[in-house]
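This report covers the two chains of the structure below. It takes the sheets first, then the helices and cores, and then the contact between the chains.

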Amino acid sequence: MSIIYILIPIAILFVIIAIGVFFWAVRGEQFSDLNKQGHSILFEDDKEQHNKSND
Amino acid sequence: MSNNCFHCLESVPVGFTATVKIDGRPEPMCCIGCQTVAETIVAQGMTDYYKFRTVRAGKVEQLVPEQLKLVESYDNPDIQEEFISQTNDVSEVLLTVEGITCAACAWLIEKQLLNMPAVKRVDVNTSTNRAMIQWHKDALPLSEIIKSLLEIGYNAYPFQADLEASQKQQTAKAYIRRLGVAGLMTMQVMMFAFAMYFGMFSGMEENFEQYFRWISLVLASPVILYSALPFLTNAINGLKAKQLNMDLPVSLAIFGAYGASCYATIMAVGEVYFESICMFTFLLLLGKYLEFRARLKASEFTANLQKLLPLTARTLNVQGNEHIIAAKKLKLDDRVLIKPGETIPADGIVCAGATTVDESMMTGEHQPVDKYVEHQVFAGTVNHDGVIEIRINKVGQNTLLNQIIKLQHSALATRPKLVEITDKVAQWFVACLLIFASITAIGWYQIDPEHAFWITISVLVATCPCALSLAIPTALTCAVATLTRKGILIKQAHVLETLPQLTRVAFDKTGTLTQGRFTLDAVDILDNAYSKADILSLAAQLESYSEHPIATAFSEFTPQQRSLSNIKVQPGLGITGEDQKYHYAIGKSGWFDTKKTNAQATFYVDKQPIAHFYFVDEVKQNATELVASLKSQGLSCHMLTGDASNAGQKIAKKLNLDSFITGCLPQDKQQHVDNWSKQGEIVAMVGDGVNDSPVFNSAHLSIAMETGADISKNTADVVLLNSDLAAISHLLTVSKNTRRIIKQNLTISLIYNGSILPLAAMGLVAPWMAVIGMSASSIIVISNSLRLLKL
């Protein structure tokens, strides 16, 4: 059972990383408009290049 | 092929056959505007927009060269310094973009702007309709950015965030960060707490238990020291102001229990309460954040307003050449040219030309005022039909508009305020809590000194007013959400508490009790050769070319086929036109003759008067019902109007108002409301004009109409989005229900706290019981509040 002395601190490290990512997202305005962010995955950003290569 | 425009989904007019090839299929377009926009979207490879949009696009209006000139004036550095901020070589601007309807719009705008290499970053917010843009100013002028938005059909103009709005944004972000930390950490702490609960029943090795306590301490510390910090600062601020607020018992519980738990961990004695206080912090923050967000949305909606004054002015130099300069650079005695439809940039005297000016935003009256040479015109009013040249005689703070705004700010400082119910409850709760905690401590010290400290801490945790603190914010959040759905925006927290206590409601007349626009009341036909229908049809054709407010009264009579040509608008007089046989004119009475009548407009054929028109500003549909229902609830209704004519008296009689006062200046309105509050009345003011904004800050509660001036909407506590008076009675009903729910919530939470208190004082409450009791009481309170959503 003494493995938990190592595993729990590692888990805490992950939580700290998660909080870091969360703060980064807040600073990037990802939470100021929830409606937009939900749709952003639908759009293809490289469609233009796509069309050109097809031509 | 369908008959609707692919871009804006409006029907395609007969004879317009343009199509645009979108994803390989020709799609119909309804106008050149939509066609250009759609072509741009296709050319940029952004057709995903059409695939994923959820709301149709607005019809695209073609820009006139005048507007393009205005866009270019945004490049003037004097004008730019008001809304552009610069860090190193990157400029940042906030644009209000009209026509953003869904997430697809945001994507389209971001994509379009990021195509330009000079643009660094774009962030579009679909709920506020604003776009934040960072770019290199030297490489790309701002006007190019705005023009590229016009290419895809969005009209944009710079938005100047006021200090209050940007502070609110900061607060919102801080809330989210605190909430995130509290949420993530509480989950971890609860996990270890459960391990310890099981350990308590089935036994756990001593060293593991101590290890888990240390881990909980580490994980709970950010929640308490970061997320819960605002409670402590609020409580201390309250104490400094000699007030006991709700944050005081909250911080006592959180920080008291945290301190004791830390001590217990380090010294390996007693109980730890990390999970209770983390959970408590998270729930409370959540309740407070939701309430804050509901109000933030309302204020964001109204803050998105055009400025009262134009940014630019057109000055004339000695040779008579036009220059466009920043309006704030205007000096006394400058000569300024004002074209039809433009807003006057500063107070001045007309020195050439004649026109009518819409002063409704200052006076609330929609009847345009004639202006000739030597007349005074005011900043912020709108020039209607003539070109005038004015000599500036007042600038900056001295203009009438700024005087009114100053009046409004000074009233804010002395605004009457009712004691909020939360603070009342908090005061005696804190008192009881402190007394009870000290009795427990002293009592147990006599019996068992070793346990006295731990039992006192468990009293503090058990009586932690979690449900009590959630009782009010959750009820308010639900009520505000219900009202927002009905088109009633609540901007201030005190509104729902003030409403049920009102004793008096004062109304503005024009635009509030009345429609604020003219409708045809009577037609007096002088020559029987013409039928009423003929006269109205001819008059309506002429009036359709006019910007004058009276013209809207004729809009319903405008015929499909137009027979008149050579239409001329004569500023200050009326409109003329002709067909093959006759010359027609509609305009002010006595235009071609000298006969005095009190008609508001006369129709002429070959300069002979044929018919007189009389107009009225009709009372709104629901006004009578509203006044009756307010009176039946024991409120007295009054009218304060700037209009000095007898129209006020007529309406007061028709609506059966308790009193009316006409001819009020903004400060007179304030005076009357101040007098009423001095007599102990709780007053609500309902209005719409700039002239109402000072009195809004004198009344206990202020309600503005959506159709009103922007400044009054910004000042008001409540904005009625559909300008429907019936909303006021709805508002009253919801506020009364909210009050009832709040009372129930307070009772529930006090019963919980009251019943657990003796148990805790006897030392019977273990940490896990405290968590269950607290969460259960909070959930009951929240569910009770949710009932308000169904109203």
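## The antiparallel sheet of chain B

Strand S23 (residues 601-605) and strand S24 (residues 608-619) of chain B run antiparallel and are joined by 5 bridges. Strands here are DSSP runs of E of at least two residues, helices are runs of H or I of at least four, and both are numbered from the N terminus. Two strands pair if DSSP finds at least two bridges between them. Tyr604(B) has Pro609(B) as its bridge partner in S24(B). The model is predicted, so local features need pLDDT of at least 70 and side-chain atom pairs count only at pLDDT 80 or more, while totals for chains, interfaces and linings use all residues. Residues are numbered from 1 along each chain as its sequence is written, and chains are lettered from A and ligands numbered from 1 in the order in which they are written.

These strands belong to an open sheet of 6 strands in chain B, with the order S19-S24-S23-S22-S21-S20 and antiparallel pairing. Strand S19 (514-525) and strand S20 (565-570) of chain B are the edges; each has a single partner strand, so one side of each has no neighbour in the sheet. On average, neighbouring strands of this sheet are turned by 20° against each other, direction ignored. Helix H19 (residues 532-543) of chain B packs on the sheet and touches S19, S20, strand S21 (574-578), strand S22 (583-587), S23 and S24 of chain B. The direction of H19(B) makes about 75° with that of S22(B). Contact means that the C-beta atoms of two residues, placed from the backbone, lie within 7 Å. Axes are lines fitted to C-alpha atoms, for helices over the stretch in contact, and angles run from 0 to 180 degrees between N-to-C directions.

## The mixed sheet of chain B

A second open sheet, of 7 strands, has the order S17-S29-S28-S27-S18-S25-S26 in chain B, with mixed pairing. Its edges are strand S17 (488-490) and strand S26 (659-661) of chain B, each with a single partner strand, so one side of each is left without a neighbour in the sheet. The twist from one strand to the next averages 20°.

Strand S18 (residues 504-507) of chain B pairs in the parallel sense with strand S25 (residues 636-640) of chain B over 4 bridges; Ala506(B) has His638(B) as its bridge partner in S25(B). S18(B) also pairs in the parallel sense with strand S27 (residues 683-687) of chain B, over 4 bridges, and there Arg504(B) is partnered by Val683(B). Arg504(B) and Ala506(B) point one way from S18(B), Val505(B) and Phe507(B) the other way, and all are buried. A residue is buried if 20 or more other C-beta atoms, placed from the backbone, lie within 10 Å of its own, exposed if 12 or fewer, and partly exposed in between. Strand S28 (residues 701-705) and strand S29 (residues 718-720) of chain B run parallel, joined by 3 bridges, and Met705(B) stands opposite Leu720(B) in S29(B). Helix H22 (residues 666-678) of chain B lies across S18, S25, S26 and S27 of chain B and runs at about 155° to S27(B).

## Helices and cores of chain B

Helix H10 (residues 247-267) and helix H15 (residues 449-462) of chain B pack at an angle of about 145°, with their axes 9 Å apart. Leu252(B), Ala253(B), Gly256(B), Ala257(B) and Ala260(B) of H10(B) make the contact with Ile457(B), Leu460(B) and Val461(B) of H15(B). By class, this contact has 7 nonpolar, 1 polar and no charged residues. Ala, Val, Leu, Ile, Met, Phe, Trp, Tyr, Cys and Pro count as nonpolar, Asp, Glu, Lys and Arg as charged, and the others, Gly among them, as polar.

The largest nonpolar core has 126 residues, and Ile254(B), Ala257(B), Ile277(B), Cys278(B) and Val718(B) have the most contacts inside it. Such a core is a set of buried Ala, Val, Leu, Ile, Met, Phe, Trp, Tyr and Cys residues joined through C-beta atoms within 7 Å. Another core, of 66 residues, lies apart from it and includes Met29(B), Met46(B), Ile100(B) and Val690(B).

Chain A has 3 helices and 0 strands. Of its 55 residues, 4% are buried.

In the contact between the chains, 22 residues of chain A meet 23 residues of chain B. Helix H1 (4-27), helix H2 (34-39) and helix H3 (47-54) of chain A each supply at least two residues of the side that touches chain B. H1(A) gives the most to that side, with 8 residues. The residues of this side of chain A divide into 11 nonpolar, 5 polar and 6 charged.
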